[in-house]
Amino acid sequence: MNTDEHEHVIEVTGLRRVYGGGFEAVRGIDFHVGRGEVFALLGTNGAGKTSTVEVLEGLAPPSGGRVRVLGHDPHAERALVRPRTGVMLQEGGFPSELTVAETARMWAGCVSGARPVPEALGLVGLDAKAGVRVKQLSGGERRRLDLALALLGDPEVLFLDEPTTGLDAEGRRATWDLVRALRDAGTTVLLTTHYLEEAEGLADRLAILHQGRVAAAGTPAEVTAAQPSRISFELPEGYFVGDLPPLSALGVSGHEVRGRLVRLRTHELQRTATAVLVWAERARVELRALDVRPASLEEAFLGIAREASGAGGSGAAGLGSESAPGSGSERAEERVV
Amino acid sequence: MSNGVDVGVGARGVGRGPVATPARRMAALARAELTLLGRSRSTLLSAVLVPLALPLALRSAVSQMDLDDVGLSVGLVMLPASIGFSLLFGVYGALVGICTARREELVLKRLRTGEPRDAEILAGASLPVVVTALVQSLVLAAACTVVLDVPAPEAPHLAVLGLLLGLVLCAALGAVTAAVTRTVESAQVTTLPLVLLSMTLSGVTVPLELLPDRLASVCALLPLSPVITLVRGGWTGDLSAYEALGAVATALAWIVLAVFAVRRWFRWEPRR
């Protein structure tokens with residue numbers, strides 16, 4: 001990874017985004033992406049991912065702070081930036097009555113240095129669907145068409161807003177392979193996702209956004225390293241947490257008890273796990289539903305969501321049903337500039 | 001999709017298409033829009049057939065009017081009326097539907113992420129219906145000339161100017177109206193005010209010459225009035241330079257206003 005200052009293809013400094021109604025979706029975030037890096041933005045609903053990406057794509061100016069893509073302001077200097085970027089929105093829009101090939105041809109006419117249409121469709125495995133109307137495509141095929149259009153101009157920087165949402169497992173894997181191949185060929189990729197395994201497996205570095213701020217950032221290993229591992233089990237009837245050795249002596253940094261279920265958090269997984277199992281063996285206790293889990297991105301993510309809900313947020317960990325964060329009526333207030 | 005994908009990035013710039021110029025981009029968008037026009041039965045019906053059929057329906061009404069007093073003939077009412085229908089239904093009404101449909105399908109938002117500028121996107125979308133209406137107007141003018149014995153225009157440049165101003169104005173007004181149109185179906189309602197107002201008070205069906213003077217002078221300021229005045233005046237040759245300039249200025253003022261409104265209020269993505 002080249003982290004040379006000049007090779008920062010994307011630079012975000014103190015970015016803020018405030019919508020018409022006064023809602024502050026992005027509250028001062030900083031990150032940068034080097035050439036040839038895959039960078040993932042993770043976040044809960046309304047964390048500010050799409051609001052951030054829209055500024056990088058040049059769809060909206062920042063309300064505050066500074067954004068540079070390939071050294072230029074993507075909004076004010078769009079003519080310098082657009083020919084070198086490819087964009088896949090969270091929800092692509094294509095006329096439903098055009099065929100796949102007609103859609104790609106229209107897009108190719110709008111792109112400098114476009115690949116031949118069959119080549120672009122081939123990249124995403126849609127060549128066999130060239131003559132099919134867009135309205136007859138499945139949701140996953142539509143996502144792949146969107147990706148093909150983003151790749152038509154052979155972009156140096158690719159913005160992918162939830163590229164695999166709606167894809168089946170095979171399609172998802174194929175998209176990952178494609179993103180890796182693009183990265184290996186030098187393309188810089190910024191993607192948003194709410195699939196943690198996608199970020200973990202694909203991203204060189206990532207940032208977890210929460211309520212418009214960067215809650216954690218770094219390589220997947222760095223972000224997870226800061227998180228505790230987890231041990232959970234059920235104590236049999238008649239046993240209580242107090243029967244265990246003192247938790248602090250086991251290296252436990254936090255615990256929860258819900259009925260019979262005990263959940264321990266630790267930064268010393270082996271030590272804590274050993275102590276718990278040794279105690280159980282000596283006390284002749286059977287620990288049911290024993291689950292020992294090293295720190296993961298999921299844990300990091302849930303930890304951030306948990307802190308948030310503890311701080312008054314409600315059910316911020318709603319990962320499964322991500323819609324367009326910040327796509328409320330505020331955003332519809334935007335105008336032609 | 002295949003594994004071990006060859007993404008062809010190494011060949012960047014080799015065997016690739018040309019740089020996208022504004023003209024090339026608009027041509028690509030217009031071509032797609034023309035394909036869509038051919039596939040939309042309802043747009044074809046309202047934009048192509050209605051303007052051709054309405055003059056037939058209007059003819060008997062026009063022949064009842066007292067036209068001799070104001071120096072007009074059935075042909076000199078029918079011809080500008082036909083062009084007015086073509087502008088109102090072929091350009092204005094059709095574009096409200098097209099802009100609304102593309103916005104609701106998120107096509108406009110997707111296009112804005114690419115190289116085309118906002119004006120190019122709207123121009124590309126408008127081009128097919130504008131050209132269709134231009135051809136339609138010429139066909140209708142020719143038909144009126146032959147069927148209704150309309151003499152050759154005395155000041156053709158005024159008629160041409162009026163038609164061109166009308167095409168631009170109706171395209172811009174269509175985009176403005178799309179901003180307040182939520183669905184393609186509701187376009188039938190949102191387009192009614194301008195269509196009815198223009199048909200009755202802009203001289204499309206009832207010549208302004210037949211209205212009381214004071215009303216006529218107010219109606220002359222409506223959006224489509226200067227267009228009809230210029231087209232009719234182009235055929236009769238009765239328009240003084242002062243009147244012609246006034247009509248051109250009124251039309252230009254409406255165009256400026258409409259373009260401003262588009263820049264200010266046009267919606268590029270659906271309300272949610």
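Buried area is the accessible area, taken with a 1.4 Å probe, that two parts lose on being put together, summed over both. The views below come from a predicted model.

**View 1. The interface between chain B and chain A buries about 4,700 Å².** Carbon and sulfur atoms give 53% of that area. On the chain B side, 47 residues are in contact with 61 residues of chain A. There are 18 residue pairs in polar contact between the two chains, both residues at pLDDT 80 or more. Helices H1 (22-39), H4 (107-112) and H11 (241-265) of chain B each supply at least two residues of the side that touches chain A. H1(B) gives the largest share, 9 residues. By class, this side of chain B has 19 nonpolar, 7 polar and 21 charged residues.

**View 2. Salt bridges join chain B to chain A.** The count between the two chains is 3. In one salt bridge, the side chain of Arg39(B) meets that of Glu102(A), at 2.8 Å from N to O. A network of salt bridges links Arg17(A), Glu54(A), Lys109(B) and Glu269(B). Over all chains, the whole structure holds 31 salt bridges.

View 3. H8(B) spans residues 192-201, and its buried residues are Leu194(B), Val195(B), Ser198(B) and Met199(B). An α-helix has 3.6 residues a turn, so residues three or four places apart point the same way. The buried residues of H8(B) pack against helix H3 (74-104) and helix H6 (156-179) of chain B. Gly203(B) follows H8(B), with a positive phi near 85°.

**View 4. Ser126(B) sits in helix H5 of chain B.** The helix covers residues 118-147. Ser126(B) has 12% relative accessibility and counts as buried, because the cut-off is under 20%. A polar atom of its side chain lies 2.6 Å from the backbone oxygen of Leu122(B). From Ser126(B) to Thr205(B) is 79 residues in sequence and 26 Å in space, C-alpha to C-alpha.

**View 5. Thr85(A) is a buried residue of strand S5 in chain A.** The strand runs over residues 85-88. Thr85(A) has a relative accessible area of 13%. Not counting residues up to four places away in sequence, Thr85(A) touches Val69(A), Leu70(A), Pro155(A), Val157(A) and Phe159(A). In chain A as a whole, buried residues make up 55% of the 337 residues. The secondary structure of the chain comes to 11 helices and 13 strands.

View 6. The side chains meet at 3.1 Å, N to O.

**View 7. Asp177(A) and Arg180(A) pair within helix H6 of chain A.** They are 3 residues apart, about one turn of the helix. Their salt bridge is 3.6 Å, N to O. Asp177(A) is partly exposed at 21%, and Arg180(A) is partly exposed at 27%. Another salt bridge joins Asp184(A) to Arg183(A), with the closest N and O atoms 3.3 Å apart. Here Asp184(A) is exposed at 62%, whereas Arg183(A) is buried at 18%.

Terms used. Residues are numbered from 1 along each chain as its sequence is written. Chains are lettered from A and ligands numbered from 1 in the order in which they are written. This is a predicted model: local features need pLDDT of at least 70, side-chain atom pairs count only at pLDDT 80 or more; totals for chains, interfaces and linings use all residues. Side-chain values use heavy atoms; hydrogens and water are left out. Contact means heavy atoms within 4.5 Å. A salt bridge is a side-chain nitrogen of Lys or Arg within 4 Å of a carboxyl oxygen of Asp or Glu. A polar contact is a pair of N or O atoms within 3.5 Å; within protein, one must be able to donate a hydrogen and the other to accept it, and residues adjacent in sequence count only if both atoms are side-chain atoms. Helices (H or I, at least four residues) and strands (E, at least two) are DSSP runs, numbered from the N terminus. Ala, Val, Leu, Ile, Met, Phe, Trp, Tyr, Cys and Pro count as nonpolar, Asp, Glu, Lys and Arg as charged, and the others, Gly among them, as polar. Buried means under 20% relative accessible area, exposed over 50%, partly exposed in between (1.4 Å probe, protein chains only).
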